[in-house]
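Trainee: Please take me through this structure slowly, and tell me what each term rests on.

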Amino acid sequence: MKIQKNAIMNAFKELYKEKEFDKISVSSICSLANINRGTFYYYYKDIYDLFSYMENYVIGLIKEIYPLIVEIIIDKNPENMDLILRFFKKHKDIIILFIEKRDNKTVQHEMKKVALQCLKEKLDYSVPEYSDKANGVLEYIASGQIGLMTWWVRNGKSIPVNDFFELIYSINNNGAFKTLLNLK
């Protein structure tokens, strides 16, 4: 049974790489997965249910790895780099797919929520004590990190991973303008 569910997910991933979501049909998934429609409907109510499942799967992966990313970004902790690289290698296809798709705002929104939560936990910043200005700064940091990560993925990870995390660390600790001027 798990094999069939994985076949459905893999077929959806392949189709989603090439097509927008609204152009993917249950029939095309079943054909590519080499299953009948009844098998698809055994696992999912419809294609929207499958899409929601896939989004939640990716969001779960992000929730799992983001605390380690925050450790690297804030503490410059290189011990977590190997864990992140192995994790990313194992799950990169689906994570990249859902980040690359510009029509998928849910994953990006959830990434930002996870980033904010991890930052608040790492900085030991409890919500009631935050001023509006502090919340604005946290929003800026989380949005910037997610924006930079999204840019990095969409541009084929053109910067080596270690250099990429070094860049985020520099931006967080030195500011964006100073970091930019130091890149000259």
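Mentor: Helices are DSSP runs of H or I with at least four residues, strands are runs of E with at least two, and both are numbered from the N terminus. This is a predicted model, in which local features need pLDDT of at least 70 and side-chain atom pairs count only at pLDDT 80 or more, while totals for chains, interfaces and linings use all residues. Residues are numbered from 1 along each chain as its sequence is written, and side-chain values use heavy atoms, with hydrogens and water left out.

Trainee: What makes up the chain by that rule, helices or strands?

Mentor: The protein chain has nine helices and zero strands, and its C-alpha atoms fill a box of roughly 55 × 40 × 30 Å along the principal axes.

Trainee: Why is isoleucine 99 called buried?

Mentor: Buried means under 20% relative accessible area, exposed over 50% and partly exposed in between, with a 1.4 Å probe and protein chains only. Isoleucine 99, found in helix α5 (residues 79-100), has 5% relative accessibility and therefore counts as buried. By contact, meaning heavy atoms within 4.5 Å, isoleucine 99 touches Gln108, Met111, Thr150, Val153 and Arg154, leaving aside residues up to four places away in sequence.

Trainee: Which residues of helix α2 are buried, and what covers them?

Mentor: In α2 (residues 26-33), the buried residues are Val26, Ser28, Ile29, Cys30 and Ala33, and what covers them includes α1 (2-18), α3 (37-43) and α4.

Trainee: How do you know what span to expect for helix α4?

Mentor: The expected span is 1.5 Å times one less than the number of residues. Helix α4 (residues 47-75) has 29 residues and reaches 42 Å from its first C-alpha to its last, close to the 42 Å expected.

Trainee: Where in α4 does a kink lie?

Mentor: The bend at a residue is the angle between axes fitted to the seven residues ending there and the seven starting there. A kink of about 35° lies at isoleucine 65, shortly before proline 67.

Trainee: How many cavities are counted?

Mentor: A cavity is a set of points on a 1 Å grid over the protein atoms alone where a 1.4 Å probe fits but cannot get out, and lining residues have an atom within 4 Å of a point. The count comes to one cavity of 30 Å³ or more, and about 260 Å³ of space lies in the largest cavity. Its lining has 17 residues, of which Ile65, Ile69, Phe88, Met149 and Trp152 lie nearest the centre. The elements giving two or more residues to this lining are α4, α5, α7 (132-154) and α8 (161-174), and α5 gives the most, with six residues.

Key:
1 Å grid on protein atoms, 1.4 Å probe; cavity = no way out; pocket = protein on both sides within 12 Å on 5 of 7 lines; lining within 4 Å. Points joined across faces, edges and corners; volume = space filled by probe spheres on them.
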